[in-house]
Amino acid sequence: RRHQVALSPDGTHLVYVTNRQLYLRAMDQLEATPIRGTAEGRGRNPFFSPDGQWVGFWAGELKKVAITGGAPVTLCDAGNPFGASWGADDRIVFGQGVQGIFQVPANGGTKELLIRVDPEKNEQAHGPQILPGGEAVLFTLSSGVSWDDAQIVVQSLETGERKVLVNGGTDARYVPTGHLVYVQEGTLLAVPFDVVRLEVTGGRIPIVEGVAQATGRGAAQFTFSDLGSLVYVRGSGGAQRTLVWVDREGQEEPLEAEARAYGSSRVSPDGRRLALGILDSGNQDIWIYDLGRQTPTRLTSDPAREFSPVWTPDGERVIFTSTRGGATSSLLWKAADGTGQVEQLMTSPNRVGPLSFTPDGKRLVCMQENPETGWDLHVLTMEAERQSEPLLRTQFTELYPALSPDGRWMAYQSDESGQFEIYVRPFPNVEAGRSQISRNGGMEPVWGADGRELFYRTPDGSTMMAVDIETEPTFTPGNPEVLFTGSYFNGPGRDYDISPDGQRFLMLREAGQTEETSERNELIIVLNWFEELKRLVPTE
């Protein structure tokens, strides 16, 4: 969901994220070396110093480490960056989404707000880069609908004047050849750019197709050196996926549904329908798929992002998150048969997602973003005057709450141990203690229909785990066991669900890919890329 690769300015070293840590690869060597202090998911968003001797990264705080080795050095407190870069003036700038763009000296210190954005307009800042001369910052500005529809802007640090350079695209970088390059729907595009006048001087030209993009965060997986080498992760924009049932032994049964850009998926309480988020042309809508008739029906059609569908316990309605109306996040619901109008349940200045109803449908447990503490858990009362109240708020990040079928227990994931693990607390008295369920990481818990089994995925999304649960006379979890492994889609949100009988799992697989044909992620390097760029996109 953030940047995964960084190439040093002289092109001699590459840092990338794999196996949940950072690796350093000298380009004249065959093997990569793990970077100290970045294991167990503690190293993300790599970026190089201008001299190529340091790697900056995020691990709960903004840090740096010398490429020659040694312990990482903490620079400042920061949330997981929406892009970061290290300027020639030894200043590091990093995006913080709705909080704007911050700066910190490369030797560490107190972070300072550099550029403000307007949270009332749902503005989010990503990928800042101080342009040559140090007087302006290039960055991506999103208004919350789609990063592919974001604006590439430049802002003067002296006057604060902001100028839109490109409408439609994300993660722009200035190239010393006199170009801006950025990504839209998996394609790397370039436009000629006058860095003195801060103006685009020509039309956009596609340069490379099939560049991976981070889902829902604006980051594109490409990097280049000052000497002209390009490295990117092979991927696709708006990737097409297929729906598959996977049994407890890992045997697959594909659904007849056509391949589309599916996201969050939920099985109805009676097991006869699916609620699906489908991305199309920059918008994401909710669809209902009838498993018996094998037909999809659109439920929403607003020009916004609508995702994370959740069925009401009676199967009559679907509640979902939406960005319609310019809101950062709204909770809406609509009758699953498509009748009636969409009704708004609540709005929030921060992102919010519905997750789990109590069995009687009177309360909904949600996760809601807090600018100070990260993600917390809330309860929305569904009767009379709907009110949202905090349920679990700590200094850590809590995500994906799931209530047991009897409503007495709440499973969720938390990073209180330094990595995400699955925990269970009593509900609604969540202060009465907790039990850790997973080992070596876990995310996105789901209960079995009888409440005697809890499922979750490993942090890389490759393995489905199962844990037996006893609740009488006391809550007692069993040992986690592997059900199956596979190369299934693992984006933001819970991208799987379980059938009512607990025997099959609804999973998403990249179109054209099977367990036998799935490929490793690939890093592609293009030498002398600047020469191709100048040939394809001439400048003045």
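This is a predicted model: local features need pLDDT of at least 70, side-chain atom pairs count only at pLDDT 80 or more; totals for chains, interfaces and linings use all residues.
Reader: Good to know. How many bridges join strand 19 to strand 21?
Author: Four bridges join strand 19 to strand 21 (residues 205–209), and the two run antiparallel. Two strands count as paired if DSSP finds at least two bridges between them.

Reader: And how many bridges join strand 18 to strand 19?
Author: Six, with strand 18 (residues 179–184) also running antiparallel to strand 19. Within that pairing, tyrosine 182 has leucine 189 as its bridge partner in strand 19. The two strands make a hairpin with two residues between them, and glutamate 185 in the turn has a positive phi of about 50°.

Reader: What does strand 19 do with strand 20?
Author: Strand 19 and strand 20 (residues 199–200) pair over two bridges in the antiparallel sense. Aspartate 194 stands opposite glutamate 199 there. This pair is a hairpin too, with four residues between the strands and a positive phi of about 55° at leucine 198 in the turn.

Reader: Why is strand 19 largely enclosed by the rest of the structure?
Author: Seven of the eight residues of strand 19 (residues 187–194) are buried, so the rest of the structure largely encloses it. Buried means under 20% relative accessible area, exposed means over 50%, and partly exposed is in between (1.4 Å probe, protein chains only).

Reader: What's in the largest nonpolar core, then?
Author: The largest core has 18 residues, and Val181, Leu188, Phe222 and Trp529 have the most contacts inside it. Strands 18, 19, 21, 22 and 23, together with helix 1 (529–536), each supply at least two residues of this core. Helix 1 gives the largest share, three residues. A nonpolar core is a set of buried Ala, Val, Leu, Ile, Met, Phe, Trp, Tyr and Cys residues joined through side-chain atoms within 4.5 Å.

Reader: What does valine 181 touch?
Author: Not counting residues up to four places away in sequence, valine 181 touches residues including Leu188, Phe222, Trp529 and Leu533. Contact means heavy atoms within 4.5 Å.

Reader: Switching topic: in what order do the three strands of the open sheet come?
Author: The order is 22-23-49, with antiparallel pairing. Strand 22 (222–224) and strand 49 (523–526) are the edge strands, each pairing on one side only. Strand 23 (residues 230–233) pairs with strand 49 over four bridges, and tyrosine 232 has isoleucine 524 as its bridge partner in strand 49.

Reader: Back to salt bridges. How many does a search of the whole structure find?
Author: It finds 20. In one of them, the side chains of arginine 504 and glutamate 253 meet at 3.4 Å, N to O. That pair links distant parts of the chain, strand 48 (residues 504–510) and strand 25 (residues 252–254), 251 residues apart.

Reader: And arginine 457 with glutamate 444: buried or exposed?
Author: Both are buried. Their side chains meet in a salt bridge at 4.0 Å, N to O.

Reader: Last one: where does pLDDT stay under 50?
Author: Over residues 515–519, for which the model has eight contacts beyond four places in sequence. For the chain, the mean pLDDT is 89, and 93% of its residues reach 70 or more. pLDDT is the predictor's confidence in each residue, from 0 to 100.

Notes: Residues are numbered from 1 along each chain as its sequence is written. Side-chain values use heavy atoms; hydrogens and water are left out.
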